[in-house]
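This report looks at a pocket, at annotated spans and at a pair of helices, in that order.

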Amino acid sequence: MAALRVATGAGNWFSALALGVTLLKCLLIPTYHSTDFEVHRNWLAITHSLPISQWYYEATSEWTLDYPPFFAWFEYALSHVAKYFDQEMLNVHNLNYSSSRTLLFQRFSVIFTDALFVYAVYECCKCIEGKKAGKELTEKPKFILSVLLLWNFGLLIVDHIHFQYNGFLSGLMLLSIARLFQKRHMEGAFLFAVLLHFKHIYLYVAPAYGIYLLRSYCFTANKPDGSIRWNSFSFVRLISLGLIVFLVSALSLGPFLALNQLPQVFSRLFPFKRGLCHAYWAPNFWALYSALDKVLSVIGLELKLLDPNKVPKASMTSGLVQQFQHTVLPSVTPLATLICTLIAILPSIFCLWFKPQGPRGFLRCLILCALSSFMFGWHVHEKAILLAVLPMSLLSVGKAGDASIFLILTTTGHYSLFPLLFTAPELPIKILLMLLFTIYSISSLKTLFR
């Protein structure tokens, strides 16, 4: 609600949009929730009941703590509110515990922390220079952007049905982007550094931040042809950025360094023994690769070209701690996915360095880094598509070409999230919400660029 009060300066319409989607989130409280609900309940219990020295060793539940330390402290802070709802949810040994009070607390914790996302959207709207102002309120780029972000279908079903805290984390990312648009580079760098220590999936877009800040902040001037003026390099600015990264990292990892537990923390953050593909396949290159291997193995068995006893029995989509070996095609290692990802992001990184186009160029690079990582990363979750969809919303209200790309990306990306909600009562909800969002996106952007 604090974010809504801040937003009143933009007019009652922004407050109404934020309040409306908040009420919708409340209506979704009784819906299905995934195992991620138990994951976060278990993390509440771990951080509340155990000393910090045991946080990244505790393994009573299979859903061990595998987010960076800032998120662990976030859960710790929430747990001190949770104890007033139901103390039993904070017992590490109460596996799969889900009382009505636990449900209400966890659902409302997501809704409450979304206030940061609301504020970030408000700040992003101040950075947008749309094609035209429009005579009607609903034709204004800022109004359209607010709806596309606040009412984003993907965030609604992933956070408020499936259950996660992506709104809060996306708020940090969007706020850091807004600060770079506002030329408040140090704040933007600080927010992104903090974000990395909340959820390390944002390492996917770190190259865009690093190159942009180095090229457009540490180098203070360009030649008339746009190339770098090398003598404009500011060591003070570089040291300042480095100091921000160092201090944030020290605050996050310092306690575990003192406990000599950094290797254990990193083993939890990067569990490479998990499968190449997530349990619900993200629609990326490796899903096609694994599917092709499966087809070839079936054909090979039918033609008696393969020995059935030598065909691996493990599932290629194992989400826990099981590695999978492909049958016909070469098996893929984490290093191979890293190399493919780096190759995929290099063109956008080079463009950001040699042909900088200001904050919008940075935003394009960030989106391409997110998509490259989604297509070629190791054990990619289907929810990672939101890492590209949300920033793309900012570009969609600026140019017709970007709007077209946004519509394709959101429609396909959001549809790929459907398997997350597989229960019958949620079927009409997800279909209706996606239809409403898609129809609004197409009609509003068509009106904006007509």
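## Pocket lining and helix geometry

Helix H10 (185–196), helix H11 (206–218), helix H12 (235–258) and helix H13 (262–269) each contribute at least two residues to the lining of the second largest pocket, in what is a predicted model. Among the contributors, H12 gives the most, with six residues. The second largest pocket has a volume of about 380 Å³, and of the 22 residues that line it, Phe192, Ala193, Leu196, Val245 and Ser249 are the closest to its centre. Sorted by class, this lining holds 17 nonpolar and five polar residues, while charged residues are absent from it.

An unreviewed UniProt entry places the feature "transmembrane region" at several spans, including residues 12–33, 188–214 and 234–259. For two of the annotated spans, the distance between the end C-alpha atoms and the secondary-structure content are set out below.

Two packed helices are described by the angle between their axes and the distance between the axes. For helix H4 (residues 69–82) and helix H5 (residues 100–113), the axes come within 11 Å and cross at roughly 125°. Angles over 145 degrees would count as roughly antiparallel and those from 65 to 115 as roughly perpendicular, and H4 and H5 are therefore oblique to each other. The crossing in which H4 passes H5 is right-handed.

Note on methods. Residues numbered from 1 in each chain as written. Predicted model: local features only at pLDDT ≥ 70, side-chain atom pairs only at ≥ 80, totals over all residues. Heavy atoms only, no water. 1 Å grid on protein atoms, 1.4 Å probe; cavity = no way out; pocket = protein on both sides within 12 Å on 5 of 7 lines; lining within 4 Å. Points joined across faces, edges and corners; volume = space filled by probe spheres on them. Helix = DSSP H or I, 4+ residues; strand = E, 2+ residues; numbered from the N terminus. Nonpolar A, V, L, I, M, F, W, Y, C, P; charged D, E, K, R; others polar. UniProt positions renumbered as here; feature names shortened; annotations may be inferred. Axes fitted to C-alpha atoms, helices over the stretch in contact; angles between N-to-C directions. Parallel < 35°, antiparallel > 145°, perpendicular 65-115°, else oblique. Left-handed = near helix turned anticlockwise from the far one by under 90°.
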